[in-house]
Amino acid sequence: MQSLFIRPRNIKVQAYLSAFSLALSAPIISAATLPDHMSNTWYSAGQQALEEAKKNHSNNRKAKNVILIVGDGMGVSTVTAARILEGQLNNKDGEKNSLSFEKFPHLALSKTYSANQQTSDSAPTMTAMVTGVKTNDGVLSASQAILNGETDAAKLNTHRLETILEMAEKKGLKTGVISTARITHATPAATYAHTSTRDWETNKDIPANSQIKDIASQLIDNFGENAIGDGIEVVFGGGRSKFIPITLVDPEDSSRTGERTDGRNLTTEWKNKFAGEYIWNKAQFDAINLNQGEPVLGLFERSHMEFEADRKNDVGGEPSLAEMTSKAIDLLENKKGFFLMIEAGRIDHGHHAGNAYRALTDTIELSNAVKIAREKTNSKDTLIIVTADHSHTFTIAGYPKRGNPILGKVIGPGSDTPTLAADNMPYTTLSYANGLGYHFLETGGETVYAEPIQAGRFTDLTSIDTTDEGFHQEALVPLSSETHAGEDVAIFASGPKSHLFQGVKEQNYIFHVMHDAFDY
Amino acid sequence: MKKILLKTILLVNSAFTLTSCIIIEEGPRPEYISSDKSFSISLEKAPPIAAQYRTSACDLPCKNTKENDWYFWRDSDQIEIRNSQNTRSELWIKDSQTEKVTYFHLLPEDLKGIEYNPVDLKLLGNDKKWESLATLISPESISTMMVVGETKFLGFDALIFQSEKNQVKNEVIWIPELQLAAKVSQIDGNHQVVSELSTLLKNNYEKPTTSEDFIKYQIIDFSDVGDMEHSLANNWVKKAVHAPGHEHH
């Protein structure tokens, strides 16, 4: 009831303010007219946000640079939970905290369904973002005339879709692709490769009856002499085994080799074809000579790079997503401009394993990367888009009190003890609609797959520290892996043409804004 | 204690699904004599092993016993447990330089496999895990058990360990010469699970996975299971993630 009485007075205040323009400061007005301290704070913050919003102007310039940043599986609930976690980890107000990209001026929602899926995988969703066309499950940068598993190379070529990266290469811009997943994984691969099947990452994966090129080889073969542009200038990620032959021992793990059975060493080919440098560890990364300006292929893991939470344990050492972003921008900066795609690829993997801790800490690292990208570029000439390819079945539930640990059990306002469900057991704020369900492992992560499926209310969490990094949230429907979800994801944008992101848009619209911003 | 030993037994049982219900007769029990011998695990002395085990599970008194045979191979840098049907295999490979352990769940019939991130295994404590895998018993669990006697097992001198806590009875028969648990049994309430060395393989009929075999496999990363199991082209993944050890514990 109280708010009913307050609201008319606030409206009067707004009218008053409006009449006298910006001459009066919001805090003075609210302090004079509202009944208590908390209302003052909320009100003045709202006024401040309003004034900041009024300062936003459409930037219709042509973009010199475009940076597309994708949080794989970073649905809206993931953004919200990561925002709260980041604040709480910094001993700040988690709910009020904002991730770096949440401060961007423009926002839209993205409809992520694909040509043949209500809930999509990363292949068609990224294809939509980088080609402007939706396609089928598992298909990378080819139209929906191609089905997952198609082996006819001629047919694939007929329905091949040009990507924004390829267009930038043709125009002479520098280009870069960064991912914490394998660089041959669906999201990064869609920028430079064309295939019917996202899992054909190395030649060993291609069926015997198909002439379609594997994804890793396309990073070399699709560019340079007699192909597109002069080659991608910066490639940072994982997936080394897809590039080196089965006869070559991995530099970081002497018990393992590459996977290629065609004798090609694509890291050597990269160096020879593009006069570039190949690196595989943090020391080499740190030693990159920015002045030389040569293309760099950095493959820091045999497979995916580490979760941010586990990166400190890596044998060879790995750069963080923020460090890769910073270095890439340094390498790409030039007069003509650049296109850079950055993926936080392991948010998705944390969710699949039902481990919110790793999904959220990787989301926070994505936020760090965005912050660096914005700081190192000029918002007048650089369009930055932050979005997700799809969501996950990740929910923030119950009525926890303000400041309750986001990874904790629900404790209601005015209480110090967990709220009990109808089964007289506590429950966590974060949970999944499906997946493996509750686990508590000393180290967590994907080792959960070695455990039995324990969906539903498997155990009493009273004595369990649910904020531990090894905790795996409860899930309702028992599945061997938590799944993607089909609701819309957010698009955050800043820079030239970013104001075109408004309302609810199809996912392939993202390409069209980038294309327009580049004025192609 | 119960948890640690139970985990060990789960480890022993984890490679196979108990698919058949067969009534078995109990064999002659080993004759126990008292012992004052000390116990230690030393993998440096551990010889390569090629063995066949049988795991039996029943509710006491045993009438309907589920049993499963499985192979166990051990070398200095490779351990493999495979079910006797040769349809599922658990393979651990240790990098001799970094001590990193990589784990694979293999489907030999399909020539498919899932690779587990070495860092995940490292975070789990792979040094202990390797010892546990190599000896089929965790040092932590056996160190809390009492040596109650000596016996002969398949002609080898063996030590008998026992413990009882919270109405859970555990027994381990340990062969020092082989650095190997020959028998691990647990009675929890009225449920009994026994894993027991049946024979040491002396022929070459059954072999562990070699590097030549391994390169024929299509291996996917553990992280990719979530993206792949829905795919028709990767139906085998669903089969793999319901692998032995997932259903019956």
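Colleague: How many bridges join β11(B) to strand β12 of chain B?
Modeller: Six bridges join β11(B) to β12(B), residues 191-200, and these strands run antiparallel. Helices (H or I, at least four residues) and strands (E, at least two) are DSSP runs numbered from the N terminus, and two strands pair if DSSP finds at least two bridges between them. This is a predicted model, where local features need pLDDT of at least 70 and side-chain atom pairs count only at pLDDT 80 or more, while totals for chains, interfaces and linings use all residues. Residues are numbered from 1 along each chain as its sequence is written, and chains are lettered from A and ligands numbered from 1 in the order in which they are written.

Colleague: Over to chain A: what is the strand order in the open sheet of ten strands?
Modeller: The order is β5-β6-β4-β3-β7-β1-β8-β16-β2-β17, with mixed pairing. At the edges are β5 (277-279) and β17 (504-506), each of which pairs on one side only.

Colleague: How do β1 and β7 of chain A pair?
Modeller: In the parallel sense, with six bridges between β1(A), residues 65-71, and β7(A), residues 338-344. Val66(A) stands opposite Phe339(A) in β7(A). Helix α14(A) packs on this sheet, touching β1, β7, β8 (382-388) and β16 (489-494) of chain A, and its direction makes about 170 degrees with that of β1(A).

Colleague: How does α12(A) pack with α14(A)?
Modeller: Helices α12(A), residues 321-332, and α14(A), residues 356-376, pack at an angle of about 20 degrees with their axes 8 Å apart. Axes are lines fitted to C-alpha atoms, for helices over the stretch in contact, and angles run from 0 to 180 degrees between N-to-C directions. The two helices are therefore roughly parallel (under 35 degrees; over 145 is roughly antiparallel, 65 to 115 roughly perpendicular, the rest oblique).

Colleague: Which residues of α12(A) and α14(A) meet?
Modeller: From α12(A), they include Leu321(A), Ala322(A) and Ile329(A), and from α14(A), Leu366(A), Ala369(A) and Lys376(A) are among them. By class, the contact has seven nonpolar, three polar and two charged residues (Ala, Val, Leu, Ile, Met, Phe, Trp, Tyr, Cys and Pro count as nonpolar, Asp, Glu, Lys and Arg as charged, and the others, Gly among them, as polar).

Colleague: One more: is Phe236(A) buried or exposed?
Modeller: Phe236(A) counts as buried because 29 C-beta neighbours lie inside 10 Å. The cut-off for buried is 20 or more other C-beta atoms within 10 Å, with 12 or fewer for exposed and partly exposed in between, C-beta atoms being placed from the backbone. Phe236(A) lies in β4(A), residues 234-238.

Colleague: What is Phe236(A) in contact with, neighbours within four places aside?
Modeller: Ile178(A), Gly298(A), Met324(A) and Ala328(A), where contact means C-beta atoms, placed from the backbone, within 7 Å.

Key: Contact = placed C-beta atoms within 7 Å.
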